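Here is a friendly walk through one protein model, from its strands to its rings and its inner space. Keep the picture open beside the text as you read.

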Amino acid sequence: MAEKIIAYRFDCLDQTLSQLNKENCAIIAGGTDVMVMYKSRRGVPPKIPKPIVFIDHLSELKKVYQNQKDLHIGACCTYSELLGNPLIPIVLKKAIKTIAAPAIRNRGTLGGNVCNASPAGDTLPLLYVYNAKLLLRSVKGDRIVPISDFIQGVRRIQRESNEILVEIILPSVLDDGAHVIFEKVGNRNADAIAKVGFAGYIRLNGDGIEDVRFAFGAVGPTMIRSVAIEKMLLGRTVPLTDSDIAQVVAAFDKIIKPIDDQRSTALYRKTVALNLLRYFLSMKQYQPT
Ligand SMILES: Cc1cc2nc3c(=O)[nH]c(=O)nc-3n(C[C@H](O)[C@H](O)[C@H](O)COP(=O)(O)OP(=O)(O)OC[C@H]3O[C@@H](n4cnc5c(N)ncnc54)[C@H](O)[C@@H]3O)c2cc1C
C-alpha cells in the first residue's frame with residue numbers, strides 16, 4: 001500500500017508562506033522536475049521525504065506585467081501560458097518552444113526552471129543575459145536577488161526554506177533596442193535536453209557596442225557568463241575585426257570547461273559553444289547597413 005504523505009494546497013500565497021514558515025516542505029509548482037527527482041519504480045508513487053505544498057494554482061504567482069521598461073513574470077506561469085502572452089519577448093518564446101513537448105509545457109513553469117537550477121535549464125542562458133532579478137517572498141518580507149547570485153551550482157540555490165520565488169524580473173527588457181539571440185543544440189529541435197545552450201545580447205549606439213552579454217548553458221555546473229570578457233568589447237565598433245572576435249573566443253576557451261556525459265562529449269560541447277559565440281559576434285542582422 002502507498003505511504004500517506006501530507007500535502008497542502010492553500011487558497012492564497014500568505015497562507016502558503018505561513019505554513020512554509022512553520023514546516024519545511026517540498027514546493028511543487030508544475031511538478032515536472034520534482035516528480036522525476038523523487039521517482040522510484042514504474043507504477044510506484046514517488047517518495048517525497050517532506051510534506052508537500054502545491055503553489056501552481058496561486059494567482060499571486062501567475063501575473064505577467066510591465067513596470068516601465070521592466071517585465072515581471074510570475075514564477076508559476078506555465079510555458080504554454082507564456083507562449084500565449086504578447087509581453088514575453090519573442091526570443092524567450094523561441095527558447096520555450098525547444099523545451100520538452102506540449103504536455104510538459106502545459107505544466108512546467110519558469111520559476112521551476114530557475115529553482116531546479118539544472119545546468120541544462122533552457123530558459124537560464126536568456127535569463128542570465130537579461131540580468132534577471134528574482135523576487136523572493138517569506139513571512140518576513142521580500143528580497144530581490146540577481147539570478148547569478150541565486151543559482152550557486154548544480155541544483156543549488158540560495159533559497160531559505162520559508163521563501164517562495166514570486167517573480168522573475170527582466171530589467172529594461174522592453175524597448176531597449178538590443179539584439180538578442182538564443183540557440184540550443186540537442187539531439188532534435190525540441191523534446192531533447194540541451195548539449196549546449198547559448199544566449200547573446202548586444203546593444204549598439206550607431207556602430208559602437210554599448211552593451212554586450214553572453215551566457216552558455218550545459219557546459220559547466222551552471223550558466224557561464226563573464227562580465228570581464230564582455231567589457232573587452234565595450235566601445236568597439238561593428239563589424240568586429242577577426243582579431244576582436246578571436247580575442248573573445250580565446251578568453252571563453254579558457255573558462256568553458258564542459259564534461260563528458262551520456263548526452264555529449266566535453267570536446268563537442270566546447271567546440272559548439274565557441275562556434276555559437278563566433279556566429280553571434282559576426283552576425284549581419286545587428287550590424288549597421
Ligand atoms: C519529459 C521532460 C522533459 C523536459 N524537458 C526539458 C527541456 O527540454 N528543457 C528544460 O529546461 N527542462 C526540461 N524539463 C524539466 C522541467 O520541465 C523544467 O525544469 C520546468 O521548468 C520545471 O518547472 P515545474 O514547475 O514543473 O517545477 P517543479 O518540478 O514543480 O519544481 C522544480 C524545483 O523548483 C522548486 N520550485 C518550483 N517553483 C518554485 C517557486 N516558485 N519558489 C520556490 N521553489 C520553487 C521546487 O521545489 C523544485 O525543487 C523536462 C522535464 C520532463 C519531465
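Let us begin with a sheet. Three strands form an open sheet in the order S1-S3-S2, with parallel pairing. Strand S1 (7-8) and strand S2 (26-28) are the edge strands, and each pairs on one side only. A strand here is a DSSP run of type E of at least two residues, a helix is a run of H or I of at least four residues, and both are numbered from the N terminus. Two strands pair if DSSP finds at least two bridges between them.

Before going further, a word on the source: this is a predicted model, where local features need pLDDT of at least 70 and side-chain atom pairs count only at pLDDT 80 or more, while totals for chains, interfaces and linings use all residues. Residues are numbered from 1 along each chain as its sequence is written, and side-chain values use heavy atoms, with hydrogens and water left out.

Back to the strands. S2 pairs in the parallel sense with strand S3 (residues 52-54) over three bridges. Ile 28 has Phe 54 in S3 as its bridge partner. Elsewhere, strand S4 (residues 64-67) and S5 run antiparallel and are joined by four bridges. Tyr 65 stands opposite His 72 in S5. The hairpin of S4 and S5 has two residues between the strands, and Gln 68 takes a positive phi near 55 degrees there. In general, strands of a sheet pair through backbone hydrogen bonds, either parallel or antiparallel.

Strand S5 (residues 70-74) also contains Ile 73. Is Ile 73 buried or exposed? Ile 73 counts as buried because its relative accessible area is 0% (buried means under 20%, exposed over 50%, and partly exposed in between, with a 1.4 Å probe and protein chains only). Glu 230, in helix H9 (residues 227-231), is buried as well, with a relative accessible area of 4%.

How far apart in space can residues be when some stretch of chain lies between them? The table gives two examples, using C-alpha atoms.

| Residues | Apart along the chain | C-alpha separation |
|---|---|---|
| Ile 73 and Val 44 | 29 residues | 35 Å |
| Glu 230 and Asn 205 | 25 residues | 16 Å |

Now for the rings. The structure holds six aromatic pairs. One of them joins Phe 214 and Phe 280 edge-to-face, at 6.1 Å centre to centre with 85 degrees between the planes. This pair links distant parts of the chain, 66 residues apart: Phe 214 is in strand S13 (residues 208-217) and Phe 280 in helix H11 (residues 266-281). Rings of Phe, Tyr and Trp (its six-membered ring) pair if their centres lie within 6.5 Å; planes under 30 degrees apart are stacked, over 60 edge-to-face, and the rest tilted. Phe 214 is buried at 0% relative accessibility, and Phe 280 is buried with a relative accessible area of 0%. Ring pairs also link Phe 198, Phe 214, Phe 216, Phe 252 and Phe 280 into a cluster.

Arg 213 lies over the face of Tyr 201, 3.9 Å from the ring centre, and the charged end of Lys 195 sits over the ring of Tyr 268, 5.9 Å from its centre. The rule asks for NZ of Lys or CZ of Arg within 6 Å of the ring centre and within 35 degrees of the ring normal.
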